[in-house]
Amino acid sequence: MASASLCCPIRRVVVLVPSGSRKPAAAARLSLHFGSRGRAVQKPRLMPLRTAQAVARQLQARHIGLVAVL
């Protein structure tokens, strides 16, 4: 029997913003969590997969940093 978490259509959107350091190994990344309306929130928010992908496409167009849908 497959685990339900593997096929769960609920995800969250995280943007990883690199720091000012040029060395990738020493660079700390700042993680920003985004809600379903595309605004930064304090805590990670879960949302449907299609909404998460739409928000990720909008954020990726802004060139803020690395956008991940987890």
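Setting aside neighbours within four places in sequence, Val55 touches Val13, Gly35, Ser36 and Gly38, a contact being heavy atoms within 4.5 Å. The model behind this is predicted, so to speak of local features a pLDDT of at least 70 is needed, side-chain atom pairs count only at pLDDT 80 or more, and totals for chains, interfaces and linings take in all residues. Numbering starts from 1 along each chain as its sequence is written, and side-chain values rest on heavy atoms, with hydrogens and water left out.

Buried here is under 20% relative accessible area, exposed is over 50%, and partly exposed lies in between (1.4 Å probe, protein chains only). In soluble globular proteins, nonpolar side chains tend to be buried together.

Stepping back, the chain has one helix and six strands, and along the sequence they read β-β-β-β-β-α-β. These elements are DSSP runs numbered from the N terminus (helices are H or I, at least four residues; strands are E, at least two). Four of the strands make an open antiparallel sheet, ordered S4-S3-S2-S6, with pairing taken to need at least two DSSP bridges between two strands. Strand S3 (residues 29-34) runs antiparallel to S4, and two bridges join them; Phe34 stands opposite Ala40 in S4. H1 packs on this sheet and touches S2, S3 and S6, with its direction at about 180° to that of S6. For that angle, axes are lines fitted to C-alpha atoms, for helices over the stretch in contact, and angles between N-to-C directions run from 0 to 180 degrees.

Then there is Ile10, found in strand S1 (residues 10-11). Ile10 counts as partly exposed because its relative accessibility is 42%. Beyond neighbours within four places in sequence, Ile10 is in contact with Leu46, Met47 and Pro48. Arg45 lies 35 residues from Ile10 in sequence, yet the C-alpha to C-alpha distance is 9.7 Å.

As for the chain as a whole, buried residues make up 20% of its 70 residues. Among contacts with a separation of 6 or more, 47% link residues 24 or more positions apart.
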